[in-house]
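Please look over the notes below with the model open.

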Amino acid sequence: MPVGGIKTDEELVEMARNQREFFGLLIERYEAKLARYVRRLGVRDEEDVADVLQEIFIKAYRNLNEFDTALSFSSWMYRIAHNEAINSFRKKRVRPEGHLVSDSEDILTFVASTEKGSEILFDAALDAAVVGRAVSHLDNKYRDVVILRFFEHKEYDEISDILKIPIGSVATLLHRAKGRLRKELKEHPAYE
Amino acid sequence: MMRISDDAVSPRARWVFVSRDVTFWTLWGGAVLIGSAALAASAFATEHAGWEFYEATHRNMITFIVTVLPYLWIGILAGTVLFGYFNLRHTKTGYRYSLTIVMIMSIGGSFVGGAILYGIGAGSTIEVMVGERIPFHTSVVRLQEELWDDADEGRLIGSASAPLTEETILFTDTNGTKWTLYTAGLSPKDLDALARFEEVRVIGYQATTSDDVFYACIILPGFLPHEQNSISDMLGRRSAFLERVRPESEIKDPAMRSNECERVRVRILQK
């Protein structure tokens, strides 16, 4: 429920459908989050980040009538952001390499996470840079779910909506991603 | 926001998105419907493939299955399942369904639809209609004719008409060829089948002296496309067939049982 005049995303969407200016409020809400997300996905250059963000919001506005409450607005925006980041890689013909090394705080949260499988990372007392590099080396499909789960703190159902894959596949990909990380980190000298 | 204003970007109409979703659901429904038709036709083709008498037409069960498998329908069913999967996944929330759920929805839908179509008798119509129009698909009706209208191999399929003598009747096969059918080597059960069924399968041998004379050793029910058979019906026909080919099977006149008919029976029993 809106409190003290603060509107929910969904209410703002409804208003933006009739009055363009309200979309500006949604841009304000999501600009920083999505910029961080596309950087994590591997868009490095700041100009490129700005271009991708512009495309994300134009696409979101153009397709505003596609959005309905079957999923959250946040998931919908992240989905568009994910697709636009991939389009950007395709246009530039580059392989995405995330900037996770700089996300030290998130990486440490990931390392300290109580989720099954993360103990090995914690026990190894590896530094954030090492873990960040290991995550960057994962295949895109694994890296996408790891970023959303541990860096964007999304729930499984949200990841399912963003990547358009079944929830069961999210769990499977996360499980395999952890296995691959564990394998890579075991080979790191700091683990010895 | 500036770019949105400058370029006068406006939201696309809702119907564009709704119609896209409706299109994918409709295509999925269409795939399920075609899959249902394929399943109904497959069920009909399998039911009437003549597996009860496979030893009479094939060396073993494997060669029989290879001959009678409804490849076209299996291919269509597989294609529709894949097509249905693609379309369901592209609906608005289709990605949420697991592969298992999507397969259950597509195959399950085709099974339900197929059962209904088969139940109302559409399986035979589809199989016959497609068999007549698609050159590379041999319908089960034509397949049975090809398998059984083969006097050289000791098989005929057709209908008996007027008795010619006490031991011969006029028999017309499905190609319209008329035969003088010798019935002296038949058991009472064979003779009963000959009288009871409009169309019959005949196992025997062709006379060496005349092209249009055929000696009947065993009579089996013909192709019954308008009958829906339960499993027990088919098992009943199978056991009747096996009973008929046994050497001790009763014949009208044991003295009349030819050595050739004995050989026909032994040949089937040895398979």
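1. What is the relative accessible area of Glu145(B)? It is 29%, so Glu145(B) counts as partly exposed. Buried means under 20%, exposed over 50%, and partly exposed in between (1.4 Å probe, protein chains only).

2. This is a predicted model, where local features need pLDDT of at least 70, side-chain atom pairs count only at pLDDT 80 or more, and totals for chains, interfaces and linings use all residues. Residues are numbered from 1 along each chain, chains are lettered from A, and side-chain values use heavy atoms without hydrogens or water.

3. Glu145(B) sits in helix H8 (residues 140-148) of chain B. Helices are DSSP runs (H or I, at least four residues), and strands are runs of E (at least two), numbered from the N terminus. Leaving out residues up to four places away in sequence, Glu145(B) touches Ile157(B) and Thr174(B). Contact means heavy atoms within 4.5 Å.

4. Chain A has 10 helices and 0 strands. Of its 192 residues, 50% are buried. Take the contacts in chain A between residues at least 6 apart in sequence: 66% join residues at least 24 apart.

5. Lys141(A), Arg176(A), Arg180(A) and Lys183(A) form a positive surface patch. Patch residues have over 30% relative accessible area and no salt bridge, with like charges joined within 9 Å. A salt bridge is a side-chain nitrogen of Lys or Arg within 4 Å of a carboxyl oxygen of Asp or Glu. Helix H10 (residues 167-186) of chain A gives the largest share, 3 residues. Arg176(A) lies in helix H10 and is partly exposed at 44% relative accessibility.

Key:
Patch = residues over 30% accessible without salt bridge, like charges linked within 9 Å, V, L, I, M, F, W, Y side chains within 5 Å. Areas by Shrake-Rupley, 256 points an atom, 1.4 Å probe, with all protein chains shown as cover. Lys, Arg positive; Asp, Glu negative; His and termini not counted. Charge placed at Lys NZ, Arg CZ, Asp CG, Glu CD.
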